Amino acid sequence: MSFPTFPGTGAPPMPSRRLFVQGVGAGGVVASLAAAGLSPRAFAAAGPTLAGAPQVLSGPQAQLTIGESLANFTGRTRPAITVNGSLPAPILRWREGDTVTVRVANALQAHPTSIHWHGILLPSNMDGVPGLSFNGIAPGEAYQYRFTLKQSGTYWYHSHSLFQEQAGLYGALIIDPLAPAPYHFDREHVILLSDWTDMDPGALFRRMKKLAEHDNYYKRTLPDFLRDVRKDGWAAATADRGMWGRMRMTPTDISDINAHTYTYLLNGTAPAGNWTGLFRSGEKVLLRFINGASMTYFDVRIPGLKMTVVAADGQYIHPVSIEEFRISPAETFDVIVEPSGQDAYTIFCQDMGRTGFAAGTLAVRHGLQAPVPARDPRPLLTMGDMGHDMGHGHAMPAHDMAAMHGATMDHSAHGMHGGSGTSSGTAPRHPASETGNPRVDMQSMATAPKLDDPGIGLRDNGRQVLTYGAMHSLFEDPDGREPGREVELHLTGHMEKFSWSFDGTPFASAEPLRLNYGERMRIVLVNDTMMQHPIHLHGVWSDLENADGQFQLRKHTIDMPPGTRRSYRVRADALGRWAYHCHLLYHMEAGMMREVRIEE
Amino acid sequence: MSRSPSRTLPLLTTALLAVIAMPAHAQSHGHHDHGHGVTPTPTPTPTPTPTADHAAMDHSTMDHSTMDHSTKDHGHPAPTGVDHSTMDHSKMDHSKMDHGNMDHSSMDHAAMDHGPRAAPREPIPVVTEADRLAAFPAIDHAAMQHAPAIHSMLLINRLEHWDGQHGTGQAWEASGWVGSDINRLWVRSEGERSGGRTEASDLELLYGRSVSPWWDVLVGVKQDMRPADSRTWAALGIQGLAPYKFETSATAYLGEGGQVAATVEVEYELLLTNRLILQPLVEATFSAKDEPRYGNGSGLNTVEAGLRLRYEISRRFAPHVGISHERLFGDTADYHRAGGEPARDTRWVAGVRVWF
């Protein structure tokens, strides 16, 4: 779909049982398809030539050429989409206050392309979403982006055209502040995480529509059931299986696509390639983490080092000292580490489903490697995770989920369960468009902001884990007004159909969400699915509220774990048509997207 | 980097006074300020640095009900001099507070730093004509590329060789669909060969529409293609995933000659491992009318029960072995026995399951 150059269905002729965890050491872009008509085989025969350290393009003028290249991360040479021949795309280094001019040329053979500057405040026609902000960039043509930088921090950029992001079109974007940062550091490294597949991303999407559970090789088996019977008793084990069975779901659906399809990359390098960032003992090192993956949540830690988080999504926060953080696709976190006493540390980034990892090394010189930890045990979703727990713990309630499911439920009967307002489970009022909707396979019964919850697989793991609740913007609410109105949207989906939407209505048949220019309003999101969704609103900030509805944290991407209800304030100060979507690429393409139109 | 205590202290004093004066009202706003007046209890992860992080405080153990407000003069709170350090917040229990009856309207937010504002701190830029042009450029309708909404799948559920008590042969069952999440065109086919000739086969072409998250209604035609007595049926059925993940289909057929027939099939997948899967299935057929010409009695005609064990070498390709038992009932059994055919048969099967 994305590339006519992909042969066949794009399914690699190797058994899918293989986990693509380690990748190949000398992987990366092997050749640019500068000349048309040369077969991939010819390039593969030429042998790999490493692209080397990421290109850094500094200064307010940049020239980016989007083209097709061959890349090899798994031992197989496959087509990739690159910028200036590089995967990831070059690091762009700009300065707050500058007006930047970027000429983006499309050297793809047959496909229009685009670049979206993720989290950057700019005029709508510079936002890079074909069909909303501009017409896209046709093959052989170029588009000149020009905008003034009103912010600083760690951001990224990526294609907003079909599945090109998955094929490699993503890169780091760093904007240096005019005023000195409120923290000191001696050196810095960009850590850009991503997921790579040998498949044609379009074929992968088609596969998801046929068999969404393709990569879930972790379903509970008969032996698992017998073990649970021994452990918990027959009644508890059958009650548990019964609950999931009536919902037709499985608690091991942590991520749609995992290491059975993906190889996870750190700065475009598979674990076997051991990307290395240098430090001198005692230095304060700023690590700019960016999750540029299409479908992968990473849980990141550096064994032996505490991390002090100083910025989230490019914006300063009150420093928080942690040992591990979960980063959703499109989020960025700036952390400071002070390595000393060891020559090498592993940056270990396991996927949320614990099927694989990206990894690299911080070391005093090249060629060193610290032990790579084992992946944590795979977590199981609980009814509590999914907002089906009317109690307060994560214990399984004994009631019949199937009876609670559907339109006949009386939400008012569930009410609130003490505690302080929204911080405990509240029964959401579901939009009428979800009722009887074949695209909606689940509705949450009790949702909460869960801002202090480290999340599935990270609770009680003995490490200090970052939560949204622990992050507070370094500044007070830059707008300060109370929201004048509230819009509630529910994240909806159908696992088996691989259908995703807001309020049960996919993008293709949804009306734009209209905001009035200048207004301060509140968006309330309720997750009615069992998956986790990073929700990104273009053009304006998403000012996350705490459980009491007060401004807490300025972000561009709000992560929505299952069973959560989270609210954020939006200041509609950017006229135009903006994309609003789940940043899991295949969820977006399957319909979990809206247009937000800010009008006078 | 952090708000300085000297700046925030007067504000927090005001806020704390508000807590005292209106304990219920100030609840949601007062939290931020507790950190300065009391020693924070040891906090769970993560540890804030370098200043106290208010969000990390554990308020869950607070019990406000033990606070004695009766000795305070609520009407005239002194602006300064209240010593909060002796308050024991650690026993506060907020859960007993009634938030439903809160009336925030009487709070004086203007006196608080974080209160609502009529005008934004950062002014909203005045829109210029250039802004308008940049905001709503002319866009080609086709500029946005959409991932395809039409998909398809062909599942050959079983393509197998069988070895029965009364012969050997081959059999297949397949289904495919093309369409959207809601509307799909289905084909289904089932058939059996024995002794080198096709004994029975049919092909169904159906329009299916999702009527609920788990059920599709199907309407279409079925063509029997047994060599001798092929006939055409109108078909109406449902298909979907029943609770407990039973793959289920039930179809009623209205055939030439006024015959009404029905087929019900239920399949289940029992995971021995994530690749070794035991698949029991039951299929039953019924007829309304007695039709000796077709060898069908009225009522229950046949029941087939199968148990197949497959190994998914990949998701797309899985060989299997199994056992299948078929039994004819009532007049149907009699007609077949009269024709020299057995009324029941047990078969060993071996085959593959593939999808595209």
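Student: At what angle do helix H3 (residues 222-232) of chain A and H4(A) pack, and how far apart are their axes?

Tutor: In this predicted model, the angle is about 135° and the axes are 7 Å apart.

Student: Why is that pair described by an angle and a distance?

Tutor: Two packed helices are described by the angle between their axes and the distance between the axes.

Student: Which residues of H3(A) meet H4(A)?

Tutor: Phe225(A), Asp228(A), Val229(A) and Asp232(A) do. On the H4(A) side they meet Trp234(A), Ala236(A), Ala237(A) and Arg241(A). By class, this contact holds five nonpolar and three charged residues, with no polar ones.

Student: How do you know that the length of H4(A) agrees with its number of residues?

Tutor: H4(A) has 14 residues. The expected span is 1.5 Å times one less than that number, so H4(A) should span 20 Å. Its end C-alpha atoms are 20 Å apart, which agrees.

Student: What follows H4(A)?

Tutor: Arg248(A) follows, with a positive phi near 55°.

Student: Which elements supply the side of chain A that touches chain B?

Tutor: Begin with the totals: 73 residues of chain A are in contact with 61 residues of chain B. Helix H2 (201-210), helix H4 (234-247), strand E17 (315-322) and strand E31 (576-582) of chain A each supply at least two residues of that side. E17(A) gives the most, with five residues. The side of chain A that touches chain B has 25 nonpolar, 27 polar and 21 charged residues.

Student: What makes a set of residues a nonpolar core, and which residues have the most contacts inside the largest one?

Tutor: The members must be buried and joined through C-beta atoms within 7 Å. The largest nonpolar core has 154 residues, and Leu193(A), Val309(A) and Cys349(A) have the most contacts inside it. Beyond its neighbours within four places in sequence, Cys349(A) is in contact with residues including Leu193(A), Tyr264(A), Phe298(A) and Phe357(A).

Student: How much of chain A is buried, and how many helices and strands has chain A?

Tutor: Buried residues make up 60% of the 600 residues in chain A. Chain A has six helices and 32 strands. Among contacts in chain A between residues at least 6 apart in sequence, 77% join residues at least 24 apart.

Definitions and conventions:
Residues are numbered from 1 along each chain as its sequence is written. Chains are lettered from A and ligands numbered from 1 in the order in which they are written. This is a predicted model: local features need pLDDT of at least 70, side-chain atom pairs count only at pLDDT 80 or more; totals for chains, interfaces and linings use all residues. Helices (H or I, at least four residues) and strands (E, at least two) are DSSP runs, numbered from the N terminus. A residue is buried if 20 or more other C-beta atoms lie within 10 Å of its own, exposed if 12 or fewer, and partly exposed in between; C-beta atoms are placed from the backbone. Two residues are in contact if their C-beta atoms, placed from the backbone, lie within 7 Å. Ala, Val, Leu, Ile, Met, Phe, Trp, Tyr, Cys and Pro count as nonpolar, Asp, Glu, Lys and Arg as charged, and the others, Gly among them, as polar. Axes are lines fitted to C-alpha atoms, for helices over the stretch in contact, and angles run from 0 to 180 degrees between N-to-C directions.
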